[in-house]
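Look at the fold as a whole before turning to single residues. The notes below are grouped by topic.

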Amino acid sequence: MNWNTSSTFTPVGLALGGQPARKVVRTLGDAAYILIKDWPSDDSEEYVSAVKACVDAISGQIAPEQFREAFLRAADEAGIAALPVIHG
């Protein structure tokens, strides 16, 4: 199986608690790490859906942008501010 953790999507800035409080998520690998290590709750419906979508995107079953939508729903449910990243 060819796991693609470096696949990118439109970056998302997250305001998480703890240090560092702000993170930019650009790749599936970034997202997987945050979901596993930094997410405040791991038992909500949207969190579980985001984890499944991340695995599906890494394994090529869905597009990274489809995962991003699930990730944003999970962030909203967890009360995490998610902002678009603007390149200057």
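Leaving aside its neighbours within four places in sequence, which residues is Ala-50 in contact with? Ala-50 is in contact with Leu-35, Phe-67, Ala-70, Phe-71 and Ala-74, where contact means heavy atoms within 4.5 Å. This is a predicted model, in which local features need pLDDT of at least 70 and side-chain atom pairs count only at pLDDT 80 or more, while totals for chains, interfaces and linings use all residues. Residues are numbered from 1 along each chain as its sequence is written, and side-chain values use heavy atoms, with hydrogens and water left out.

**Overall make-up**

- The protein chain has three helices and three strands; helices (H or I, at least four residues) and strands (E, at least two) are DSSP runs, numbered from the N terminus.
- Read from the N terminus on, the order of the elements is β-β-α-α-α-β.
- The protein chain has 88 residues, of which 34% count as buried (buried means under 20% relative accessible area, exposed over 50%, partly exposed in between, with a 1.4 Å probe and protein chains only).
- The accessible surface of the protein chain is about 5400 Å², and 52% of this surface belongs to carbon and sulfur atoms; accessible areas come from the Shrake-Rupley method with a 1.4 Å probe, and for residues only the protein chains shown count as cover.
- Of the contacts in the protein chain between residues at least 6 apart in sequence, 54% join residues at least 24 apart.

**Strands**

- Strand 1 (8-15) and strand 2 (22-27) run antiparallel and are joined by five bridges; two strands pair if DSSP finds at least two bridges between them.
- In this pairing, Thr-8 stands opposite Thr-27 in strand 2.
- Strand 1 also pairs with strand 3 (residues 81-84), in the antiparallel sense, over four bridges.
- Here Gly-13 is opposite Leu-83 in strand 3.

**Thr-27**

- Thr-27, in strand 2, counts as buried because its relative accessible area is 17%.
- Its side chain reaches the backbone nitrogen of Asp-30 at 3.0 Å.
- Not counting residues up to four places away in sequence, Thr-27 touches Thr-5, Ser-6, Ser-7, Thr-8 and Phe-9.

**Helix 1**

- Helix 1 (residues 28-38) has the buried residues Leu-28, Ala-31, Ile-34 and Leu-35.
- Seen down the axis of helix 1, these buried residues fall within an arc of 130 degrees, so they line one face of the helix; the arc is that of the directions from the helix axis to the C-beta atoms.
- An α-helix has 3.6 residues a turn, so residues three or four places apart point the same way.
- The exposed residues Ile-36 and Lys-37 sit on the face of helix 1 turned away from its buried side.
- The buried residues of helix 1 pack against strand 1, strand 2, helix 2 (45-58) and helix 3 (64-78).

**Nonpolar core**

- The largest nonpolar core has 22 residues; a nonpolar core is a set of buried Ala, Val, Leu, Ile, Met, Phe, Trp, Tyr and Cys residues joined through side-chain atoms within 4.5 Å.
- Leu-14, Val-25, Leu-35, Trp-39, Phe-67 and Phe-71 have the most contacts inside this core.
- Strand 1, helix 1, helix 2 and helix 3 are the elements that give two or more residues to this core.
- Helix 2 gives the largest share of this core, six residues.
- Phe-67 touches residues that include Phe-9, Leu-28, Leu-35, Ala-50 and Ile-62, not counting residues up to four places away in sequence.
- In soluble globular proteins, nonpolar side chains tend to be buried together.

**Ala-50**

- Ala-50 lies in helix 2 and counts as buried, at 0% relative accessibility.
- Ala-50 and Leu-35 are 15 residues apart along the chain, and their C-alpha atoms are separated by 8.3 Å.

**Ser-44**

- Ser-44 is in the loop between helix 1 and helix 2.
- With a relative accessible area of 18%, Ser-44 is buried.
- A polar atom of the Ser-44 side chain lies 3.2 Å from the backbone nitrogen of Tyr-47.
- The side chains of Ser-44 and Glu-77 are joined by a polar contact of 2.5 Å; a polar contact is a pair of N or O atoms within 3.5 Å, and within protein one must be able to donate a hydrogen and the other to accept it, while residues adjacent in sequence count only if both atoms are side-chain atoms.
- Ser-44 and Ala-74 are 30 residues apart in sequence and 8.2 Å apart in space, C-alpha to C-alpha.
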